[in-house]
Amino acid sequence: IHYYLGLYEVTDMSISVESMYDRAFVALESLKGDLHKKVAYFKDVMLHERIHETVTLDELDRALLNDEFEIYLQPQIDIWTGAVISAEALIRWNKPGRGIVSPAEFVPIFEKNGMIAKLDYYVWELACRQLRKWQEEGHEERSVSVNISAKDFYLMDLYKSVTGLVEEYNIEPSSLKLEITETAFVLDVDKQMELVRDLQEYGFVIEIDDFGSGYSSLNNLKEIKADMLKMDLKFFEKSADDDRAEKIVTSMIRLANELGMPVVAEGVETEEDMQLVKAAGCQLVQGYYYAKPMSVPEFEKFVGARPYGNMKAIIDRVISEME
Ligand code: C2E
Ligand code: MG
Ligand code: MG
């Protein structure tokens, strides 16, 4: 049983009881989709958020029909050789009259009300179409990671969706890497792990996204046998205590490697960040220090000018070093 409370503190007795109730309800609704908060107090800003959310939701179908969503690709680089290994597909909303909108603005809204599954499927399909195109052009080595919302596990038959897509586009499942956030495993670890195992058996590469941002990270590692681990440096903000943050980052990378998982360090912004993760034995990096997410034509130019490495070889090497 999950319980949630929305509270409105009565300070102005001239407001009708219905409005008080509505406000408590708006506060309650703000908790939807958050597995960890149980109580919310009403704030004025919640009303504005509600309006923004309603407008955004109304726009989704039109935006899909108009092809307003596109993927940007951010290269994942071999920290030791500088070769491009893969790329992450990140959704962008090209909104008429507004320009490119960041996913931070709309993904949480679509997650909250369940529309995210539709959007994610659309993104996966864009990625598959791109992979197909590259294969036809002779670039079989290229792969793309796509993001899977924790919500997708409940909203769709994930296995059927992704296997259906690779069959339809006739691509290698290993070229479509699946990024799953740690939070997806909070409820029902056993069931989720079984699904992950099935996906791996089918040939998909599974990456745990935003590792370290979640709730029971170290304990989860015991259960989650992913192929790669993504750690975002922003979750280890160095402001409070530089030395401790560095030690944690270093130990996490070593631990992941000892468990047979190469690490993709995300949010690598400076030479210093790069040196830190390199010294810990990190294999892959993704961050502004190397490249920002870019449109597909820009990515093609980027990747064309650099050597391309082998992802499978990196995974195999880490596994063999473990043994
Ligand atoms: P994420 O999957 O962890 O993606 C990494 C985010 O970090 C991206 O933000 C990327 O642009 C940003 N980033 C990369 N390198 C750096 C760096 O050096 N410094 C800083 N400050 N940031 C860096 P973006 O593209 O805004 O995406 C944000 C989040 O939105 C993603 O986090 C992911 O959770 C979500 N998202 C993006 N596309 C999709 C999608 O198609 N489906 C779903 N469900 N979520 C998506
Ligand atoms: Mg991601
Ligand atoms: Mg991430």
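**View 1. D210 within strand β8 of the predicted model.** D210 has its place in strand β8, in a model that is predicted. The phi angle of D210 is near 55 degrees, which is a positive value in a residue other than glycine. Strand β8, spanning 205-211, is also one of the elements that give two or more residues to the shell around ligand 1.

**View 2. Polar contacts of ligand 1 with R92, D120 and D209.** In the side chain of R92, an N or O atom is 2.8 Å from an oxygen atom of ligand 1, and in the side chain of D209 an N or O atom is 2.9 Å from an oxygen atom of the ligand. A nitrogen atom of ligand 1 is involved in the case of D120, from which a polar side-chain atom lies 2.6 Å away. On its own, ligand 1 has 790 Å² of accessible area, of which the protein covers 82%.

**View 3. The shell of residues around ligand 1.** There are 22 residues around ligand 1, and those that come nearest are R92, D120, N147, E269 and Y288. By residue class, the shell divides into nine nonpolar, eight charged and five polar residues. Two or more residues each are given to the shell by β4 (84-95), α3 (103-113), α4 (116-136) and β8 (205-211), and β4 supplies the largest share, namely four residues.

**View 4. N170 in the loop between α6 and β7.** The loop that holds N170 runs between α6 (158-168) and β7 (176-181). Although N170 is not a glycine, its phi is positive, at about 55 degrees. The relative accessibility of N170 is 55%, and since a residue over 50% is classed as exposed, N170 counts as exposed.

Terms used
Residues are numbered from 1 along each chain as its sequence is written. Chains are lettered from A and ligands numbered from 1 in the order in which they are written. This is a predicted model: local features need pLDDT of at least 70, side-chain atom pairs count only at pLDDT 80 or more; totals for chains, interfaces and linings use all residues. Side-chain values use heavy atoms; hydrogens and water are left out. A residue is near a molecule or strand if one of its heavy atoms lies within 4 Å of it. A polar contact is a pair of N or O atoms within 3.5 Å; within protein, one must be able to donate a hydrogen and the other to accept it, and residues adjacent in sequence count only if both atoms are side-chain atoms. Accessible areas come from the Shrake-Rupley method with a 1.4 Å probe; for residues, only the protein chains shown count as cover. Ala, Val, Leu, Ile, Met, Phe, Trp, Tyr, Cys and Pro count as nonpolar, Asp, Glu, Lys and Arg as charged, and the others, Gly among them, as polar. Buried means under 20% relative accessible area, exposed over 50%, partly exposed in between (1.4 Å probe, protein chains only).
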